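The exercises below concern charged side chains and their pairing. Work through each task with the coordinates open before reading its solution.

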Amino acid sequence: MKTLDTITIGRSSVDLYGAQIGGRLEDMASFQKYIGGSPTNIAAGTARLGLKSALITRVGDEHMGRFIREELAREGVDVRGVKTDPERLTALVILGIRDETQFPLIFYRENCADMALCEDDIDESFIAETRSIIVTGTHLSHSNTEAAVLKALKLARKHGAKTALDIDYRPNLWGLAGHGDGESRFIESAAVTTKLQASLHYFDLIVGTEEEFHIAGGSINTIEALRAVRKVSNATLVCKRGAAGAAAFEGEIPDSLDQGQTGPGFPIEVFNVLGAGDGFMSGLTKGWLDGESWSVALKYANACGAFAVSRHGCTPAYPSLEELNFFLDRGVKTPALRKDAELEQIHWSTNRRKQWSEVRAFAYDHRSQLEEIPGANPENIGRFKELCLEATLAVSQGREGYGLLCDNRLGKSALHKASGQGLWIGRPVEWPGSRPLTLEPEIGPDFGGLSEWALEDVVKVLCFCHPDDSAEMQAEQEAVITRLFHACRRNRLEMLLEIIPSKVGPVDDQTNAKLISRFYDIGIYPDWWKLEPMQTREAWAATCDAITSRDAHTQGIVILGLGQSEAELASSFKLAADFPLVKGFAVGRTIHADVGRQWIAGKIDDASAVAIMAENFRRLCGIWDAARTGARAGVKS
């Protein structure tokens, strides 16, 4: 029984990718942080394509090592083989994009964690679980890592797994180039050729660029190099040729690369070539393990490579299976794929950091309502929100599906303490009660304040809007939301759009649906919707249809409270729970309003406030859970 499709082995690093494009690395002012290292990229890339992948590597016992482990888990990669090294640091790579082909790069890999991989890190029972092993060339460069790789390859043979090598030649990592020459892709070396050729017979598939086959074959003539590799290996050889695509050779090497098996290419704009090879290998692996012809496998590979060269970063650029299939069915519409709005929406929504099946959120992002309480001031409001967080944690107890809404202006301490607790965190940006919509000053006139937000924070914006708004009001509010939406995407933040039309005018069963459709019409695709309780099944049906017909991958809807009583919310929950798109609730005043007034007045102490709010929140969660359970039972019957 094989529970895994592939295990990759080797490098694992954190890529600090220059955010500025077109300059020297010396002039980079800010960086985006991604996972990196070819085996790590391939593990994530294949997982996105629906394969059950795992990685064998080492990371440091520090923040960067934990980042890699957490990111891999988010991507769906099995991390049982990721060992924590207590003595060494996680590898870092600092790099930038100079132009389409140049990428200044520095490897920080002196005695790094992944190069301490050894035979003891290779567990036979783990290897026995997989259909394939993929290794990369760097880990053949040192005796201890080579021993680990060879042990894994021999065990793969023993347990009937396929084996593949991505040559992944980096002269710098073989000690052939200086620290400042990390961008180098080829330096001749008879010693490296000899080392590689000693292992090539272990593989069923060998993949490389022409230059990588030059080092593997010991000749700068590609055909001669491929023939030299063929003398020591019966593997299928896949030679990547850049814009010319790739060619696969199963038997004798012909006189021309054009005589190999090929797959269709894609005429796209090259943003930068770095990361293309790992994307290519991910797509190729998908086709190879699915038993597709080499033509189909190379089509997948070329498409995944196209995504990589058209976007920023390596792993973040790789497609989901749904995205790949959409692209192959529709074809290239905009050569600069990162500027294809339809494709980018699918890319974003099918590769989110986390998918939430349910959310029960305690909302204490209220500002004006708390400021109006006699005796309230910024200091005691901030302390009260810390008590709200204590109540949230008392109920959630580390379980999935719980969250909060909290602002930064009055609730900064609670907001920061909530980070890393596994909670869904919504954070408001609107100025309370504003219409037309304006934002909190901290967001800034250029919306640059979002660059300071943690990636787990969901940008929540409340807009008081109605289908009957004047053209001027509609245009002004939509301009703010449009700008905010694009700022969220630029900063890799999810967005929640809250609309409350009942505060503006009369509503009927179509009101929310009309507003939602309008936002989609102008290109706004919120990750979340926050909607007021609706009183009829028809209203919920129209609303859900308006969302799913335009965005099949939305995270969903949470219900707001409007200060309703538990009995009123129970009725609303029972109706909404019949619709799977409704993921839960984000309710505040029903839980904390009376407690806040009493606590600020000094009538109850901290412990009592926390206990009462926790019980209120727990009871509301029970009401929602009962409604959802009843709805599911009704569907089953």
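The model is predicted, and each solution below rests on values computed from it.

**Exercise 1.** Determine whether the two partners in the salt bridge between Asp114 and Arg109 are buried or exposed.

*Solution.* Begin with the contact itself: the side chains of Asp114 and Arg109 meet at 2.7 Å, N to O, which lies within the 4 Å required of a salt bridge. Next, take the accessibilities, where buried means under 20% relative accessible area. Asp114 has a value of 0% and is therefore buried, and Arg109, with 11%, is buried as well.

**Exercise 2.** Carry out the analysis for Glu390 and Arg383, which form a salt bridge.

*Solution.* The closest N and O atoms of Glu390 and Arg383 are 3.9 Å apart, and because the cut-off is 4 Å, the pair is counted. Glu390 has a relative accessible area of 37% and is partly exposed, while Arg383, at 29%, also counts as partly exposed.

**Exercise 3.** Explain how Arg618 and Glu615 are placed relative to one another along helix 20.

*Solution.* Both residues belong to helix 20 (residues 606–636), and because they are 3 residues apart there, about one helical turn separates them. As for accessibility, Arg618 is partly exposed at 39%, and Glu615 is partly exposed at 37%.

**Exercise 4.** Which residues are linked in a network with Asp365, and how many salt bridges does the model contain?

*Solution.* A network of salt bridges links Asp365 with Arg367, Glu371, Arg409, Glu430, Glu440, Lys460, Glu498 and Lys530. The count for the model comes to 53 salt bridges.

Key
Residues are numbered from 1 along each chain as its sequence is written. This is a predicted model: local features need pLDDT of at least 70, side-chain atom pairs count only at pLDDT 80 or more; totals for chains, interfaces and linings use all residues. Side-chain values use heavy atoms; hydrogens and water are left out. Buried means under 20% relative accessible area, exposed over 50%, partly exposed in between (1.4 Å probe, protein chains only). Helices (H or I, at least four residues) and strands (E, at least two) are DSSP runs, numbered from the N terminus.
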